Every structure is written in structure tokens, then in C-alpha cells.
Amino acid sequence: MKTEAQSTSVRMQVTVAAPIEQAFRVFTEEFDRIKPREHNMLGVEIVETVFEARVGGHVYDRGVDGSECRWARVLAFDPPRRLVISWDISPHWQIETNLDRTSEVEVRFIAENPHRTRVELEHRNLDRHGEGWQEEREAVNGEGGWPLYLQRFGDLLKG
């Protein structure tokens with residue numbers, strides 16, 4: 001995996017041994033197995049993380065008590081090539097309701113050959129979050145952030 005933090009963006013990539021269609025499907029349909037349960041803004045344990053695979057959908061956690069935490073909106077959904085979600089989480093790790101203060105995560109899937117796919121992730125416009133955005137950038141770029149998600153994604157495709 002290769003990662004890079006630049007000013008207001010974080011970029012990283014991973015290559016997986018899977019056709020592009022399978023890589024895209026696993027990332028979206030099995031996102032519940034990619035996102036760690038301990039990444040939790042609910043007041044209760046998470047039962048599942050749902051990725052609604054359509055523009056206008058959400059990414060959200062559902063708690064054991066039925067409560068939901070909608071922490072991203074699906075802005076673009078173009079299987080099997082790319083998706084874009086909002087990042088509606090403030091630097092204080094709370095839901096951001098002011099949409100002008102949210103960033104974006106674009107995930108692109110590039111077929112290197114019929115059995116190998118490069119997945120490029122860019123978390124951009126982090127400065128929109130306002131005060132504390134640099135710390136948020138470091139967190140999403142750190143060991144427990146997007147690198148962990150991409151590692152868990154890659155592990156799912158190892159079989």
C-alpha cells in the first residue's frame with residue numbers, strides 16, 4: 001500500500017488480486033466487514049455498517065438498539081469504476097450537519113489486468129472542516145484511518 005498526505009488531501013492506493021467488478025462489489029457490498037466496529041459515534045454497540053449503493057444513499061452505522069448514525073452521503077456511484085462519498089464527521093469526531101464543512105472521499109478502481117485491480121483513495125478538501133482539520137487529516141491518514149480500511153478490504157479479497 002502506498003499513502004501520501006498533501007496539504008488538504010490524503011491519497012493512498014492498494015492493489016488487490018481481483019477483477020475490477022469483484023473489487024468494487026466487495027468494497028461496497030461488504031463495507032460492513034471493512035469498517036472497524038470500534039469506529040463508533042453511537043452511544044451503543046454497532047450491529048452493522050450499511051453502504052447504500054446509489055447516489056443519494058448514505059453510509060451509516062446501526063446500533064444494537066436500532067439507532068443510526070449517518071456519517072456519509074453517496075455523491076457519485078459509477079460501478080465498477082468509482083464512487084464518491086461525503087465525510088460528514090467533524091474534527092471533534094461528531095456528525096457535521098453543515099454540508100459546507102464536509103470533505104469528500106473518492107475511491108477509484110482501475111483494472112491493471114483481468115485479475116488485478118488498483119484501488120486509489122483520495123480524501124480531499126479536509127480544510128472545509130475548519131479549525132482542527134489538520135489533526136483530522138493526520139487521523140484519517142494514520143494507522144487506524146484509511147490505511148486500516150484498505151488493509152481490511154485487501155484481506156477480504158485474499159480469500
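Predicted model: local features only at pLDDT ≥ 70, side-chain atom pairs only at ≥ 80, totals over all residues.
**Aromatic pairs**

Across the whole structure, a search finds 13 aromatic pairs. In one of them, the ring centres of Phe 31 and Trp 71 lie 6.3 Å apart with 35 degrees between their planes, so this pair is classed as tilted. The pair joins distant parts of the chain, since Phe 31 belongs to helix α2 (residues 31–34) and Trp 71 to strand β5 (residues 68–78), with 40 residues separating them. Both Phe 31 and Trp 71 are buried. Another pair, formed by Trp 87 and Trp 93, is edge-to-face; here Trp 87 counts as buried because its relative accessibility is 7%, under the 20% limit, whereas Trp 93, at a relative accessible area of 40%, is partly exposed. The two pairs are set out below.

| Pair | Centre to centre | Angle between planes | Class |
|---|---|---|---|
| Phe 31 and Trp 71 | 6.3 Å | 35 degrees | tilted |
| Trp 87 and Trp 93 | 6.5 Å | 90 degrees | edge-to-face |

Ring pairs also build a cluster whose members include Phe 27, Phe 31, Trp 71, Trp 87, Trp 93, Phe 109 and Phe 153. A ring also takes part in a contact of another kind, in which the charged end of Arg 70 sits over the ring of Tyr 60, at 4.5 Å from its centre.

**The nonpolar core**

The largest nonpolar core holds 34 residues, and among these Phe 27, Phe 109 and Phe 153 touch the most other members. The greatest contribution to this core comes from helix α1 (residues 20–29), which supplies 5 residues. When neighbours within four places in sequence are set aside, Phe 153 is in contact with Val 14, Val 16, Ala 23, Val 26, Phe 27, Ile 34, Phe 109 and Val 119.

**Thr 49 and its surroundings**

Thr 49 lies in strand β3 (residues 46–51) and is buried, with a relative accessible area of 6%. Its side chain makes a polar contact of 2.7 Å with the side chain of Asp 61. Beyond four places in sequence, the residues that Thr 49 touches include Asp 61, Tyr 60, Phe 31 and Trp 71, the last two of which form the tilted pair described above.

**The buried face of helix α3**

In helix α3 (residues 133–141), the buried residues are Trp 133, Glu 136, Arg 137, Val 140 and Asn 141. These residues cover an arc of only 130 degrees around the axis, and therefore lie on the same side of α3. In general, residues three or four places apart in an α-helix point the same way, because there are 3.6 residues a turn.

Notes:
Residues numbered from 1 in each chain as written. Heavy atoms only, no water. Buried < 20%, exposed > 50% of the residue type's maximum accessible area, 1.4 Å probe, protein only. Helix = DSSP H or I, 4+ residues; strand = E, 2+ residues; numbered from the N terminus. Arc of directions from axis to C-beta. Phe/Tyr/Trp six-rings, centres within 6.5 Å; stacked < 30°, edge-to-face > 60°. Lys NZ or Arg CZ within 6 Å of the ring centre and 35° of its normal. Core = buried A, V, L, I, M, F, W, Y, C linked by side-chain atoms within 4.5 Å. Contact = heavy atoms within 4.5 Å. Polar contact = N/O pair within 3.5 Å; in protein donor to acceptor, adjacent residues only side chain to side chain.
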